[in-house]
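Dear colleague,

Please find below a structure that I am handing over to you.

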Amino acid sequence: MYYSKCNVGYVLRAEIGEEIQEALRQFAQAVNIKAAFYQGIGTLSQVELAFFCTDLKVYDRRFFNDEYELVSLMGNLSFVDDMIAPHTHVTLGDRNFQTFSGHLVRGVVSVTAEIVVTTIDIPLTRIEDPIMKFKGLISARRTHLKVDI
């Protein structure tokens, strides 16, 4: 992976063969990022996506073994169990110009991945939500706003 520092954070380019989630984690660890949001485009293969089923409170996982246009990649970097971790969602396009999307578990760069990482000045953490059984994002500086519906 190549990266350059910029006014809002970093610009990254992942290389062919890099697993994008691991590359993002290693990058964040190397430059000591405490929290960030990111977006990108590119091409992926060997993709595993997940969809969180709220009724069962588990992820349904699917594997896609072709090459896909990475139409949109977006996510954040936060701490999970004291380690920086990417939380990424993607929209992928296939050879028939059909798109599908989900939570990115794994994806290997097959041409390139170009990502802008916007760092933020407050640490973010994910903790287990006791009701939904997933790790939700929190900030130490959070304020609760109760909205009546």
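The notes below describe the fold, the charged pairs and several individual residues.

Please bear in mind that this is a predicted model, in which local features need pLDDT of at least 70 and side-chain atom pairs count only at pLDDT 80 or more, while totals for chains, interfaces and linings use all residues. Residues are numbered from 1 along each chain as its sequence is written, and side-chain values use heavy atoms, with hydrogens and water left out.

Overall fold

The chain contains one helix and eight strands; helices (H or I, at least four residues) and strands (E, at least two) are DSSP runs, numbered from the N terminus. In sequence order the pattern is β-β-α-β-β-β-β-β-β. Of its 149 residues, 39% count as buried, where buried means under 20% relative accessible area, exposed over 50%, and partly exposed in between (1.4 Å probe, protein chains only). Contacts are heavy atoms within 4.5 Å; among those between residues at least 6 apart in sequence, 62% join residues at least 24 apart. The chain exposes about 9,300 Å², of which carbon and sulfur atoms supply 55%; accessible areas come from the Shrake-Rupley method with a 1.4 Å probe, and for residues only the protein chains shown count as cover.

Salt bridges

Side chains of opposite charge can pair when their charged atoms come close. A salt bridge is taken here as a side-chain nitrogen of Lys or Arg within 4 Å of a carboxyl oxygen of Asp or Glu, and the count comes to four. One of them joins Arg-61 to Glu-48, with the closest N and O atoms 3.1 Å apart. This pair links distant parts of the chain, since Arg-61 lies in strand β4 (residues 58-80) and Glu-48 in strand β3, 13 residues apart. Arg-61 is partly exposed because its relative accessible area is 47%, whereas Glu-48, at 10%, counts as buried.

Another salt bridge is formed by Asp-66 and Arg-95, whose closest N and O atoms are 3.4 Å apart. Here too distant parts of the chain are linked: Asp-66 belongs to strand β4, and Arg-95 to the loop between β5 (83-93) and β6 (99-119), 29 residues apart. Asp-66 is partly exposed at 33% relative accessibility, while Arg-95, at 59%, is exposed. The side chains of Arg-62 and Asp-60 also meet in a salt bridge (3.1 Å, N to O), and Asp-60 is partly exposed at 30%.

Other residues

Gln-46 is in strand β3 (residues 36-53) and is partly exposed, with a relative accessible area of 41%. The C-alpha atoms of Gln-46 and Asp-66 are 6.7 Å apart, although 20 residues separate them along the chain. Leaving aside residues up to four places away in sequence, Gln-46 touches Phe-64, Asn-65, Asp-66, Arg-106, Gly-107 and Val-108.

Arg-126 sits in strand β7 (residues 124-128) and counts as buried because its relative accessibility is 10%. Its side chain makes a polar contact with that of Ser-78 at 3.5 Å; a polar contact is a pair of N or O atoms within 3.5 Å, where within protein one must be able to donate a hydrogen and the other to accept it, and residues adjacent in sequence count only if both atoms are side-chain atoms.

Finally, Val-11 is in strand β2 (residues 9-14) and is partly exposed at 39% relative accessibility.

With kind regards
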